[in-house]
Amino acid sequence: MNRGLEIQQESRKQWQTAKVRAWLLVLLLGFVYILPGTAYAQTVNQYTNSTDSAAGEISGADSCTVGITFQRDIFVSDDFSVQDVNVGVLMSHDTRSEFALFLRSPAGSIVTMKNLVGGTADNFNVLLDDDTATSVDTHTANDTATAGTVVPPYQRTFSPSNSVDAVFTGQGSFGTWTLFVCDFVDNGVNGTFFQMDLFLETPPPSADLSLAKTVASSSPSSAVYTLSVTNSAGSDLSATGVTVRDILPAGVTFVSASGTGSFNSGTGIWTLGTDIAPGQTMSIDLSVNVTATAGSTITNTAEILTASPTDPDSTPGNGVTTEDDFASRSFTVGGRLPGIPPNIGGICAAAGSGTILLDWNNHSWTSGSTTGSATLANLGTVNFAVATEGVFSVPLNLTIDNSGGFGSAGLSLYQNIEYATRDEVTTTIVTLPTAVPGAQFTVFDVDFAANDFADKLTVTGTFNGGAPFNATLTNGVVNFNLGNDIVGDGLSGGTSDDGNVVATFAQPVDTITITYGNHTTAPNDPMGQAISIYDFTFCTPATTLSVTKLSSVLNDPVNGNTDPKSIPGATIQYCILISNAGSATASTISATDTLPANVTFVAASMQSGSNCGSAATAEDDDATGADENDPFGASFSGGTLTATAASLGPAEGYALTFQVTVD
């Protein structure tokens, strides 16, 4: 029978230390029986197992033997972070103090919910809830428990012998939850199981904000702080009313601010002024003059000051530096600061397009595979192929081993390679489904270790099969530009952004090649070293079509082919040229040209090709037949010419030539 109901409730948490019986830690999993509920924000979801046991099945003769302990399983298909756990149990058993109840979560944690308590009272019809003041250890009255007893509601409510919330809060709900019933006394007094209900509370809806800060410089006397607030893609809601406090430190003076919202240099408050949707990042650049003397260390801190709704892992304005809504950056005056990369948003805007983010947190990579892909809306599938002349010390995979200072948000393609010589390289080829007007990405941990390795990074691109061209590479703290390469000259930790390099393409690109190896400052045997390829921002592909019409007089009745003139009887050849100067492929293209009244079309004179000089493919005058897709089409009807093409790729053109006579 199924007594499952869905309920809603609010609860507070009582944190205690759980006691777990050692023998139960090695129990085997049993069969799965499911009665799933639906997870809703701020609800408690009920999952029920009402498979009655045989009468007297809970027996001290064998039920505490490892692997034979009586158990009931519930598989929870909903996946959320558990905020509160209540358990209801209905079973008959004389002398309640002879049995104990245990609950195991999908993570393997076990809590003793009822120990050997209850005296000589019989049966169990109880909801175990940490929020109840009275412990089940004090329960000494008889309960009603038969096959016909309907629960919930349960006859009584007590707190468990040990807190379940203290152990299970924050664990994932998905998987098998197991109730164990152990009868410790083999005296012929047995019990019968009727029902258990598992109540799991979902977290309240939230917006998980994090704050990041970088500092860069284009001259010794100036710097730019960039503050970025991100609302996690896993957030339930948009964040509203967000402000950030960044009081600029001594040693720098405010110059200007640009980006989202407004910055008050007097109060140090950045007001975003707009909501941040899940998965969205908003930033502001604070330009400052550096006034401190050379050798001084300048530290700038910032914290999210206000935001709504609640954040699951931080509290705005509380000054706790370990929370992810707090960020700090330091630099030494006169030392190397990261360069300022080109603004990819501006590059895309100049091309008349928006941006597309390839965030590795939203994609996967088969560990050890040398190929992978990521499918993006408005772009298609981006393919990756990695080849090395060395040996992969760690299988290629997505990790945060090198996080570039982004913490858990720094999931990236980790490349850890053992090189036998400094001439060996690893090549990553990124192939786009179509060209984009611009692109930008970051490589983590490009650095140097004396007598060990000297990272060298080169990034090139191609467009439409043309010659390779170099990306603009922006250095970090421990690397520098050397021609078209970035070379490491200092050590960067795996969680630091000191070794970050930003690669930018400000022109159309459809293939990106990332070459990673060693500079000549490395020993001949550089041994192991690693980088990580972080997220990509692509400009949205765009088509830019143009039409050009050219004409030339071929002959006339008076001059023939020698310096012919456009006089009656002359033959004129026209060329209609359609070109795609954009980075995306245009499809289903059609152009028309209506002839003026004083000329007559020359039948069967149309020819097509990729440009006016090479148009040599004959086209007939109708709009049907194989000639309409070889690969271009053309037709003439009612005084109008129509030129068609199924598609035109980037930098491709379609030309149609035809002739007329002057009336």
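Me: Buried means under 20% relative accessible area, exposed over 50%, and partly exposed in between. With that in hand, why does Asp-489 count as partly exposed?

Reply: Happy to walk through this predicted model with you. Asp-489 has 36% relative accessibility. The middle class lies between under 20% and over 50%, so Asp-489 counts as partly exposed.

Me: What makes the meeting of Asp-489 and Arg-336 a salt bridge?

Reply: Their side chains come to 2.8 Å, N to O. The cut-off is a Lys or Arg side-chain nitrogen within 4 Å of an Asp or Glu carboxyl oxygen, so this pair is a salt bridge. Arg-336, at 34% relative accessibility, is partly exposed too.

Me: Why can one say that Asp-489 and Arg-336 tie together parts of the chain?

Reply: Look at where each one sits. Asp-489 is in the loop between β31 (485–488) and β32 (501–505), while Arg-336 is in the loop between β18 (326–332) and α2 (344–350). Those parts are 153 residues apart in sequence, so the pair ties them together.

Me: How many salt bridges does a search of the whole structure find?

Reply: The search finds 7. Another one of them joins Arg-156 and Asp-143, with the closest N and O atoms 2.5 Å apart. Arg-156 belongs to strand β7 (residues 156–158) and Asp-143 to the loop between β6 (124–129) and β7, so this bridge ties together parts 13 residues apart in sequence.

Me: Is Asp-143 buried or exposed, and how do you know?

Reply: The relative accessible area of Asp-143 is 5%. Buried means under 20%, so Asp-143 is buried.

Me: Why does Met-196 count as buried?

Reply: Met-196 has 0% relative accessibility, and buried means under 20%, so Met-196 counts as buried. You can find Met-196 in strand β9. Setting aside neighbours within four places in sequence, its contacts include Tyr-47, Arg-72, Val-87, Tyr-154 and Leu-179. Met-196 and Asp-52 are 144 residues apart in sequence, and their C-alpha atoms are 9.9 Å apart in space.

Me: And how do you know whether Pro-437 is buried?

Reply: Its relative accessible area is 10%, and the limit is under 20%, so Pro-437 is buried. Pro-437 is found in the loop between β24 (426–436) and β25 (439–444). Beyond neighbours within four places in sequence, Pro-437 is in contact with Ile-347, Pro-508, Cys-539 and Ser-583, among others.

Me: Which residues have the most contacts inside the largest nonpolar core?

Reply: They are Phe-441, Leu-457, Val-459 and Phe-538, in a core of 42 residues. A second, separate core has 30 residues, including Val-82 and Phe-99.

Me: What is said of phi in Asn-378, and why is Asn-378 called exposed?

Reply: Phi of Asn-378 is near 70°, a positive value in a residue other than glycine. The relative accessible area of Asn-378 is 66%, and the limit is over 50%, so Asn-378 is exposed. Asn-464 has a positive phi as well, about 55°. At 38% relative accessibility, though, Asn-464 counts as partly exposed.

Me: Where is confidence lowest and highest among the strands?

Reply: Strand β10 (residues 209–219) is lowest, at a mean pLDDT of 86, and strand β15 (residues 269–271) is highest, at 98. Over residues 1–41, the pLDDT is below 50. The chain averages 88, with 93% of the residues scoring at least 70.

How values were computed. Residues are numbered from 1 along each chain as its sequence is written. This is a predicted model: local features need pLDDT of at least 70, side-chain atom pairs count only at pLDDT 80 or more; totals for chains, interfaces and linings use all residues. Side-chain values use heavy atoms; hydrogens and water are left out. A nonpolar core is a set of buried Ala, Val, Leu, Ile, Met, Phe, Trp, Tyr and Cys residues joined through side-chain atoms within 4.5 Å. Buried means under 20% relative accessible area, exposed over 50%, partly exposed in between (1.4 Å probe, protein chains only). pLDDT is the predictor's confidence in each residue, from 0 to 100. Helices (H or I, at least four residues) and strands (E, at least two) are DSSP runs, numbered from the N terminus. Contact means heavy atoms within 4.5 Å.
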